[in-house]
Amino acid sequence: MQISDTEGSLARTFFSPAHRRAAEVIKQWMSDCGMESWVDAVGNVHGRIRSIREGAQALLLGSHYDTVLDGGAYDGALGIVVGLAAVKGMLLTEMVQRGWVDRLPPQPAEDKDGDIVIPPTLASSLLTLGSVHLVAFTDEEGVRFQSTFLGSRAVAGTLFKYNMLASRDASGTSLEQVLRQEGGLTDTDPRVALAALALDPASISEYVEVHIEQGPVLEQRGLPLGVVVGIAGQTRLWVGVNGTQGHAGTVPMRGRRDALAAAAELVVAIEALCTQPESDGGAPEEENLVCTVGELKLWPGASNVISGHTGFSVDVRSKTDPVRHTAVDRLLAAVERVCARRGVACRVDRKHDAAAVLSDPRVIENMSAAVRMAEPILLAALTAEELERSCGLLKGLQSVPVLVSGAGHDAMAIAETIPKMGMMFVRCRGGVSHSPLEYVEPEDVTASTAALASYLWGRLAGGMLSNTQPEAAAEAVEEAEAVVEEAVAAEAVEAAPSPPVETEAPAVRDEL
Ligand SMILES: [Zn+2]
C-alpha cells in the first residue's frame, strides 16, 4: 500500500489529501490493536490502551507519518508500523502466556493476511503494569510551513512557545488559518485549544521511538539495531558577506572586494575547522562534530559581475554542547579574520540553537536488553530461508551499539517536557534517507518489532526484560552508563554561558 499525493513518488505533507488518508488508515490499524483511537486538531493520530491498573502511567510510543517531497517509505512510517506490530505482538504473547487465546472473538474471514483484531477490553486487561499510548505525529519534516516537529510539539505542549501558529505556507496561509479550516480548531483563543492537545507529562513513564538510522554506522558494523544515547545539539547560522559589486572586465584583481570569493574561503575554512584532528586541537572524533554549508545565495549572480553580496547557511552539530559552542566560537573568529583581511563587511545571524538531548539511562538499559532478547521471537517469526538470507541477524542482536543521532527527531521535541526518552535505530541500506532509494531489509524490520515487543512486554505486562540474560543486560548497562556519564559530565562542564544569540522565532527547519 502506498499513500501519496504524487504518482510515482512519495509525498505526504501537512493536511494534504494523502496525509488525511494515511491518518484514517493508521486510526483503523490502531483500533485493530485494541486501541481507542482519534485524530487531534493538528492531525496527530492517537491510539491508547489503558492498563487495568488504576492510575498507571502510559508508555508513549511515536514517530511521524508525513514525508519530505520524493521521500522514502521508511522515514517516520517505520516507527509507526513497528510500534503497532509490537503492541499487537506483545498483547498476543501475553495472551498465550495466560492461556487466554480462546478469549479472542471470531476473526473476520476476509483477514487472509492473518491480521488479528483484538477487542479493547481484552487488550486493556492484559496490561497489568502500564498503559500504552502511540502517536503517529503530523508534520515532523516541516515541508509545508518550514517549521519542524509540529505534531510532537503539540503533544509536548510547546507549539505556542515556538510561535508556530503565525508560520505561513507558500500560498501565504498561516498555520492558524489552516488549523481553523481543516483541523477543527474552534476556540477563539488558539492557546486554549492547543494547550488541550498536550499530554500531561506526569501521566507518561517514558517516550520510545523506533526510526531508521538515516546514516551508515549500523550497516558498516554489520549490526541490525542500535540504541540511541542522545540527539546532537544544533546551531544554525546565516552569514552575510557584503563586498563591492563591479565589472568583471574592468576592475583589476588587486583591490577587489569580491563577496563570493570571501564566502568561498570561509566555506573551506569552516570545513577545515570541523575536520581538524584532535592532535591538532580539533574535537575528538567521538564528539560527532559536523559542520555543513548547505545553502548559498549570491547577488547579482551574473558571469560578468563581481559579486557584491553573498549569504550562506552554516549548520553545526555535536553530541555535546560545549564542543558545539567551541566550534561556533572558532567559526565566528574565522569569519571575522577572513572578512577583515579581504575588506568585506560580514554579519552572522544565529537562526537556531537546540541543546543536545540525552536518552534516559534506564530506557537505554532496558532497550539494549530487549534487543538481545528478541532472538526467540525472530526464530518463531522468520523462516529458515529468511534467517539464512539475513546474514548473521541473530548474532548481530547480541551486540547492541549505542549511537548518537545527528538528525533531529520527534523525540527531541517530546523530551522538552517528557524527559525520559529513548530511541532505537534500524539499519538502512547505504545510510540513504529522504530519497526513494531509502530501504530497510524486511528481516531488520522484524528484528526491530521483536525487540520493541520484548521491551513493551517487560514494561507493561510483566514479561521478563533484563533478568533473563543477566550477563548481557549487565554489559549493556555498563556500556550505556559509560556513554551517558561521559555525555552528562561534558554537559556539566558547560558552565560558561553560550555566546550571545540573536534570537528570532525559531520557525526555521530544525532538522535534516
Ligand atoms: Zn524521520
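I began with Asp139 and its surroundings. Asp139 counts as buried because 29 C-beta neighbours lie inside 10 Å. Here buried means 20 or more other C-beta atoms within 10 Å of the residue's own, exposed means 12 or fewer, and partly exposed is in between, with C-beta atoms placed from the backbone. I located Asp139 in the loop between strand 4 (131-137) and helix 4 (150-156). I took helices (H or I, at least four residues) and strands (E, at least two) as DSSP runs, numbered from the N terminus. Phi of Asp139 is near 45°, a positive value in a residue other than glycine.

I noted the source next. This is a predicted model, in which local features need pLDDT of at least 70 and side-chain atom pairs count only at pLDDT 80 or more, while totals for chains, interfaces and linings use all residues. Residues are numbered from 1 along each chain as its sequence is written.

I then looked up Phe149. Phe149 lies in the loop between strand 4 and helix 4. Its phi is near 60°, a positive value in a residue other than glycine. With 29 C-beta neighbours inside 10 Å, Phe149 counts as buried. Most residues other than glycine have a negative phi, and most peptide bonds are trans.

I checked the peptide bond between Trp299 and Pro300. This bond is cis, with omega about 0°. Pro300 sits in the loop between strand 10 (296-299) and strand 11 (305-306).

I went on to the whole chain. I found 16 helices and 16 strands. Buried residues make up 47% of the 512 residues. Among contacts between residues at least 6 apart in sequence, 79% join residues at least 24 apart. A contact means C-beta atoms, placed from the backbone, within 7 Å.

I asked which residues of the largest nonpolar core touch the most other members. A nonpolar core is a set of buried Ala, Val, Leu, Ile, Met, Phe, Trp, Tyr and Cys residues joined through C-beta atoms within 7 Å. The largest has 107 residues, and Val132, Leu225, Ala374, Met424, Ala451 and Leu456 touch the most other members. Helix 2 (residues 77-98) gives this core its largest share, 11 residues. Another core lies apart from it, with 24 residues, including Val239 and Cys339. I followed Ala451: not counting residues up to four places away in sequence, Ala451 touches Leu225, Ala370, Val371, Ala374 and Met424.

I turned to helix 2 and helix 15 (residues 442-460). They pack at an angle of about 55°, with axes 8 Å apart. I used axes fitted as lines to C-alpha atoms, for helices over the stretch in contact, with angles from 0 to 180 degrees between N-to-C directions. The two helices are therefore oblique to each other. Angles under 35 degrees count as roughly parallel, over 145 as roughly antiparallel, 65 to 115 as roughly perpendicular and the rest as oblique. The contact includes Val82 and Met90 of helix 2 and Leu452 and Trp457 of helix 15. Its residues divide into 12 nonpolar, five polar and one charged. Ala, Val, Leu, Ile, Met, Phe, Trp, Tyr, Cys and Pro count as nonpolar, Asp, Glu, Lys and Arg as charged, and the others, Gly among them, as polar.

I finished with helix 8 (residues 259-275) and helix 9 (residues 321-342). Their axes come within 10 Å and cross at roughly 150°. Helix 8 and helix 9 are therefore roughly antiparallel to each other. Among the residues that meet are Leu266 and Ile270 in helix 8 and Leu331 and Val335 in helix 9. This contact has 12 nonpolar, no polar and three charged residues.

How values were computed. Two residues are in contact if their C-beta atoms, placed from the backbone, lie within 7 Å.
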